[in-house]
Amino acid sequence: MKTRMYCIVNQYISGIHAGIQSAHAIVELMEAYNLPANTPEEFDAHYLLKCWREKDKTIIVLNGGYQSVLQDFLTQVKSVGNLPVGAFREEWEALNGALTAVAVVLPEYIYNPEYKPAPEGAFIPQHVMEVNDTYTDKETDFVHAYTPAEKDFIKTLKSFKLKGE
């Protein structure tokens, strides 16, 4: 299964600084998953991180909007339950402890979901489209059944734009 690291960055962070804040959040994520896994959810998260770290290595940086949106996103990621996630806050002296970036490793069934068919000729933005109930990996025949939390998370993820656009 393919994976990608998604970094959601505060809208007020631009240019190379968006990359730097993403790197900070990735380091926080790596530190958080440095210890051995103890629960099934932690095993899943460690496995996704291992796949990304050893094989896939793709990083996507998205514009996350205001700090409150980043905080809501972080809460939503944690509600999904089995995704490795890290967040970076600037020092209190620098930016009053502002949350500047959230990093999360996502499996392909989250970042590239299968959608229910749209009416012919209709253009529907991805964050509005209805996600199928299941995802089938064409290479491995792995089938994933989406939870309601995952479907909501996908809609949120698809509402963000690439940083710099």
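**A walk through the model**

Biologist: What residue follows α2, with a positive phi?
Modeller: First, this is a predicted model: local features need pLDDT of at least 70, side-chain atom pairs count only at pLDDT 80 or more, and totals for chains, interfaces and linings use all residues. Residues are numbered from 1 along each chain as its sequence is written, and side-chain values use heavy atoms, leaving out hydrogens and water. Helices (H or I, at least four residues) and strands (E, at least two) are DSSP runs, numbered from the N terminus. With a phi near 60°, the residue that follows α2 is Lys-57.

Biologist: How far apart are the end C-alpha atoms of helix α2?
Modeller: Let's predict it first: the expected span is 1.5 Å times one less than the number of residues. Helix α2 covers residues 40–56, which is 17 residues, so the span should be 24 Å. That agrees with the model, where the separation of the end C-alpha atoms is 23 Å.

Biologist: Within what arc do the buried residues of α2 fall, seen down its axis?
Modeller: Buried means under 20% relative accessible area, exposed over 50%, and partly exposed in between (1.4 Å probe, protein chains only). In α2 the buried ones are Ala-45, Leu-48, Leu-49, Cys-51, Trp-52 and Asp-56. They line one face of the helix, because the arc they fall within (taken from the directions from the helix axis to the C-beta atoms) is 155°.

Biologist: Which exposed residues sit on the face of α2 turned away from its buried side?
Modeller: On the buried side, the cover includes β1 (3–10), α1 (16–32), β2 (59–65) and β4 (99–107). The face turned away from it carries the exposed residues Pro-40 and Lys-55.

Biologist: Which residue of β7 is the bridge partner of Asn-63?
Modeller: Two strands pair if DSSP finds at least two bridges between them. β1 and β2 pair in the parallel sense over six bridges, and Val-9 stands opposite Asn-63 in β2. β2 also pairs with β7, in the antiparallel sense over two bridges. There, the partner of Asn-63 is Lys-161.

Biologist: How many residues apart in sequence are the parts tied together by Phe-73 and Phe-160?
Modeller: Rings of Phe, Tyr and Trp (its six-membered ring) pair if their centres lie within 6.5 Å; planes under 30 degrees apart count as stacked, over 60 as edge-to-face and the rest as tilted. Among the seven aromatic pairs, Phe-73 and Phe-160 form an edge-to-face one, 5.5 Å centre to centre with 75° between the planes. Phe-73 lies in helix α3 (residues 67–80) and Phe-160 in the loop between α6 and β7 (161–162), so the sequence separation is 87 residues.

Biologist: What is the relative accessibility of Asn-82?
Modeller: Asn-82 is found in the loop between α3 and β3 (85–89). Contact means heavy atoms within 4.5 Å, and beyond neighbours within four places in sequence, Asn-82 is in contact with Glu-41, Asp-44, Ala-45, Leu-48 and Tyr-109. Asn-82 counts as buried, because its relative accessibility is 15%.
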